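Here are some notes to read alongside the model. Please keep the structure open as you go through the points.

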Amino acid sequence: MTTDSFQIAGKTYSSRLLVGTGKYKDFDETRRAIDASGAEIVTVAIRRVNIGQTAGEPSLLDYLPPSQFTYLPNTAGCYSADDAVRTLRLARELLDGHKLVKLEVLGDSTTLYPNVLETLKAAEILVKDGFDVMVYTSDDPIIAKELENIGCCAVMPLASLIGSGMGILNPWNLRLIIENAKVPVLVDAGVGTASDAAIGMELGCAGVLMNTAIAGAKDPVRMARAMKLAVEAGREAFLAGRMPRKLYSADPSSPVTGMIASK
Amino acid sequence: MIQLSINGNTQAFAAPLSLTHLVEQLGFAGKRLAVELNGEIVPRSQHADTQLADGDTLEIVVAVGGG
């Protein structure tokens, strides 16, 4: 079996599971879950520092050293292209010129559905500014292609709403996006359990990005491991090529000849 | 004294004050952070040479857990 790695913005990764670092009980649990997931790319948010915070208080970076993981700063909570661009420029300064980013521009606070118009605007500015943009978007194949044409290095359609755990609601749209794309397509948002991740990979996704499905599980570390296995299983099934579906006829698995004689 | 707006809160500081000294006074020396002064990012290499003035608005950000 040949090794199955994939590339984002020219860098090769062996894990196709990307994970968020939010919603964990503490940094220790964050680290243990991420270790169990095998993820090499981890998303982080950019937020105002807490003024008055005690100086020695631990930070996420102490538990997930940027030397060990590829950071993927996001624009979670941004509702305009301007805010998203501003946030990622701060992230680049924060992370010493780091270029790989996750762009997401939200449309409303109830659904957290992406605002694709603002997303397209922000993507254009960021790509021109030299960022490697992995972009969160709706599962609209036309918008996905537009984002690729702008120069995004990965397109990441939602499976369902962020944090909903509703799984892959429109596998056909995902297939359309994957079949038309020349850049990696990753499912981002909506995965609830291991089978959702496996289905995404079986559809031909290059990877899956999730946070709440792991952090929100009763046992996040165990779920992280489940997700690692699911992404691997789904990828293997995709590469193996599933058997055709036969809607109207059964096909016995055992030989039909050599039966003992009926009386 | 100069008034600075830092992350939305106004505070008074003794002048003169460089950005490096402000970061130290806030207890964030050596911490990985990024600073925007009046809407423009100030690269870390320029913190020592950046003098703050009355009425300046700063945003100081860090990386936190997020999805």
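**Notes on the predicted model**

1. Start with the interface. Chain A and chain B bury about 2500 Å² between them, and carbon and sulfur atoms give 58% of that area. Keep in mind that this is a predicted model. The size of an interface is often given as the accessible area lost when the parts come together.

2. Which three residues supply more of the area that chain A buries against chain B than any other three? They are A:Arg48, A:Glu93 and A:Leu94, with 27% of that area. In terms of contacts, 30 residues of chain A meet 26 residues of chain B.

3. Now look at strand 4 of chain A, residues 41–48. Strand 4 pairs with strand 5 of chain A in the parallel sense, over four bridges. Within this pairing, A:Val44 stands opposite A:Pro73 of strand 5.

4. Is strand 5 of chain A covered on its faces or open? Both faces of this strand, residues 70–73, are covered. A:Thr70 and A:Leu72 lie on one side, A:Tyr71 and A:Pro73 on the other, and all four are buried. In a regular strand the side chains alternate between the two faces of the sheet.

5. Next, an open sheet in chain A. Three strands form this sheet in the order 6-7-8, with parallel pairing. Strand 6 (100–103) and strand 8 (154–157) of chain A are the edge strands, and each pairs on one side only. Direction ignored, neighbouring strands of this sheet are turned by 20° against each other on average.

6. Helix 4 of chain A, residues 116–128, packs on that sheet. Helix 4 touches strand 6 and strand 7 of chain A. The direction of helix 4 makes about 175° with that of strand 7.

7. How many bridges join strand 7 of chain A to strand 8 of chain A? Four bridges do, and the two strands run parallel. Strand 7 covers residues 132–137. Strands of a sheet pair through backbone hydrogen bonds, either parallel or antiparallel.

8. A:Tyr136 deserves a separate look. This residue stands opposite A:Met156 in strand 8 of chain A. The charged end of A:Lys102 sits over the ring of A:Tyr136, 5.6 Å from the ring centre.

9. Last, the aromatic pairs. The count over all chains is two. A:Phe6 and A:Tyr13 form a tilted pair, 6.3 Å centre to centre, with 55° between the planes.

Notes
Residues numbered from 1 in each chain as written. Chains lettered and ligands numbered in written order. Predicted model: local features only at pLDDT ≥ 70, side-chain atom pairs only at ≥ 80, totals over all residues. Heavy atoms only, no water. Phe/Tyr/Trp six-rings, centres within 6.5 Å; stacked < 30°, edge-to-face > 60°. Lys NZ or Arg CZ within 6 Å of the ring centre and 35° of its normal. Pairing = 2+ DSSP bridges. Axes fitted to C-alpha atoms, helices over the stretch in contact; angles between N-to-C directions. Contact = heavy atoms within 4.5 Å. Buried area = accessible area lost by both parts, 1.4 Å probe. Buried < 20%, exposed > 50% of the residue type's maximum accessible area, 1.4 Å probe, protein only.
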